[in-house]
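Colleague: Hi! Could you walk me through this one? I'm new to reading structures.
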Amino acid sequence: MTFGFAPSSAASLSTSTSAASVSRMLEPAEWAAAGIPLLRNPREVVSGLHSRHSPRPTMAVVAVLDQEERVQASASFVRRSAPADGWMFRNALLAQLRRVIPHDLRRRTPVRTAVLLYCREGDARWTEEDGAWMWGLRDACTLHGLRCGAYITLTDDGWQVFGEGRGGRRPHADSAPEPFALSEMPPRIPRTGGAASEVLLRAAAR
């Protein structure tokens with residue numbers, strides 16, 4: 001007769017939860033192979049989101065871009081102090097997307113793209129937390145009818161677009177917000193004079 005102790009249900013649950021959390025993250029190679037569309041001007045996108053939301057460590061900024069990479073909607077929120085889990089990150093991102101922009105699930109193919117800027121401590125090297133954010137962003141985009149776009153980190157070293165090898169020193173995690181990029185400013189009114197000019201000025205003032 002053999003005596004022993006069966007593992008407790010709590011221990012089994014903890015092990016299975018941990019294993020599931022590990023499966024809900026993407027390695028850099030998986031992310032690079034996923035066909036994420038490249039940003040034409042990542043510096044402009046990063047600077048624009050930084051100006052809008054002034055992110056600080058543990059803050060995430062999710063934005064929806066149109067086909068011209070103009071920001072149609074964006075939202076920021078602080079990451080909960082819990083173990084990194086792609087499923088939790090997915091739910092948080094999906095809640096923000098549903099709050100700021102309607103879904104595109106009726107379209108056959110997505111036309112808008114969601115990108116994620118995450119400000120964190122440490123250097124620019126990939127972490128398991130980054131992998132969980134990547135998994136969460138990809139899944140949230142699928143459930144909201146969007147294309148999964150770039151995952152960008154903002155650290156003391158600067159910003160970095162994962163899978164693209166592009167980045168810069170400014171803005172960084174401690175930098176002050178910069179003015180909006182010129183491309184995000186309203187179009188300038190032509191100085192033509194006359195009645196046409198008055199119509200344009202009245203339209204711009206609405």
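This is a predicted model: local features need pLDDT of at least 70, side-chain atom pairs count only at pLDDT 80 or more; totals for chains, interfaces and linings use all residues.

Colleague: Is Cys 141 buried or exposed?
Modeller: Cys 141 is buried, with a relative accessible area of 1%. Cys 148 is buried too, at 12%. Buried means under 20% relative accessible area, exposed over 50%, and partly exposed in between, with a 1.4 Å probe and protein chains only.

Colleague: New topic: which strands make up the sheet, and in what order?
Modeller: The open sheet has six strands in the order S2-S1-S3-S4-S5-S6, with mixed pairing. Strands (E, at least two residues) and helices (H or I, at least four) are DSSP runs, numbered from the N terminus. Two strands pair if DSSP finds at least two bridges between them.

Colleague: And which strands stand at the edges?
Modeller: S2 and S6, each with a single partner strand, so one side of each has no neighbour in the sheet.

Colleague: In what sense do S1 and S2 pair?
Modeller: Antiparallel, over seven bridges, with Val 62 standing opposite Ala 75 in S2. S1 and S2 form a hairpin with five residues between them, and Glu 69 in the turn has a positive phi of about 65 degrees.

Colleague: What about S3 and S4?
Modeller: S3 and S4 pair in the parallel sense over six bridges. Cys 148 turns up again here, as the bridge partner in S4 of Ala 114.

Colleague: Now helix H3: why is it called largely enclosed?
Modeller: Because nine of its twelve residues are buried, among them Val 45, Val 46 and Leu 49. The buried residues of H3 pack against S1, S2, S3, S4, S5 and S6, contact meaning heavy atoms within 4.5 Å.

Colleague: What comes just after H3?
Modeller: Ser 54, which takes a positive phi of about 45 degrees.

Colleague: Last one: how does H3 run relative to S2?
Modeller: At about 55 degrees. Axes are lines fitted to C-alpha atoms, for helices over the stretch in contact, and angles run from 0 to 180 degrees between N-to-C directions.

Technical notes. Residues are numbered from 1 along each chain as its sequence is written. Side-chain values use heavy atoms; hydrogens and water are left out.
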